[in-house]
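Begin with the cavity, then turn to the whole chain.

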Amino acid sequence: MHFLELFLIAVSLAMDAFAVSVCKGLSVPRVRPRHAAAVGLYFGGFQALMPLVGYLLGIRFQSLIGAIDHWIAFLLLGFIGFGMIRESRGEPEEVDAAFGPRAMLPLAVATSIDALAVGVSMAFMNVPVLASAVVIGVVGFVLSLVGGLVGK
């Protein structure tokens with residue numbers, strides 16, 4: 001996988017985190033740098049962690065489904081794409097002004113589930129997962145940080 005492809009995947013994975021970051025920025029009367037840093041760290045951290053978890057799961061089952069792994073990767077990525085389209089047409093969600101772990105952890109997990117599926121796909125495609133996770137995490141951090149600041 002070339003860097004441009006990985007970068008585009010990372011940007012697409014971070015779009016939901018960016019949108020939630022904008023909403024979190026809108027939820028507070030005054031966005032402080034610590035608010036933007038919190039959303040960046042939570043979302044970027046989980047964007048980096050989930051491909052690693054997905055990769056470990058994918059490697060565990062790779063020998064069992066090696067003959068059809070490319071179709072599984074295709075289906076997982078297609079499922080993610082259709083899910084993102086479906087979510088874009090959904091009802092608006094309520095976002096509170098809390099930035100603590102109780103509020104941020106569920107949001108971070110929810111916005112990074114697609115990164116888990118990408119990690120499974122990476123295991124089937126023999127992609128270097130550590131470097132990929134770093135790129136995905138950094139892009140997620142930067143876009144979430146910017147989203148938090150844009151929300152003001």
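## Cavity lining

This is a predicted model. Met1, Ile9, Leu77, Val118, Ser121, Met122 and Met125 form the lining of the largest cavity. Six of the lining residues are nonpolar and one is polar. None is charged.

Which helix gives the most to this lining? Helix α4, spanning residues 101-125, does, with four residues.

## Cavity count and volume

The whole structure was searched for cavities of 30 Å³ or more, and one was found. The volume of the largest cavity is about 30 Å³.

## Secondary structure

The protein has five helices. Read from the N terminus, the order of elements is α-α-α-α-α.

## Overall dimensions

The protein has a radius of gyration of 16 Å. For 152 residues, a compact globule would come out near 15 Å, so the value agrees with that expectation. Along the principal axes, the C-alpha atoms fill a box of roughly 55 × 30 × 30 Å.

## Burial, contacts and surface

How much of the protein is buried? Buried residues account for 41% of the 152 residues.

Contacts were also sorted by sequence separation. Among those in the protein with a separation of 6 or more, 92% join residues 24 or more positions apart.

Notes
Residues are numbered from 1 along each chain as its sequence is written. This is a predicted model: local features need pLDDT of at least 70, side-chain atom pairs count only at pLDDT 80 or more; totals for chains, interfaces and linings use all residues. Side-chain values use heavy atoms; hydrogens and water are left out. On a 1 Å grid over the protein atoms alone, a cavity is a set of points where a 1.4 Å probe fits but cannot get out, and a pocket is an open set with protein on both sides within 12 Å along at least five of seven lines; lining residues have an atom within 4 Å of a point. Grid points are joined across faces, edges and corners, and a volume is the space filled by probe spheres set on the points. Helices (H or I, at least four residues) and strands (E, at least two) are DSSP runs, numbered from the N terminus. Ala, Val, Leu, Ile, Met, Phe, Trp, Tyr, Cys and Pro count as nonpolar, Asp, Glu, Lys and Arg as charged, and the others, Gly among them, as polar. The radius of gyration is taken over C-alpha atoms; the globule rule is 2.2 Å times the number of residues to the power 0.38. Buried means under 20% relative accessible area, exposed over 50%, partly exposed in between (1.4 Å probe, protein chains only). Contact means heavy atoms within 4.5 Å.
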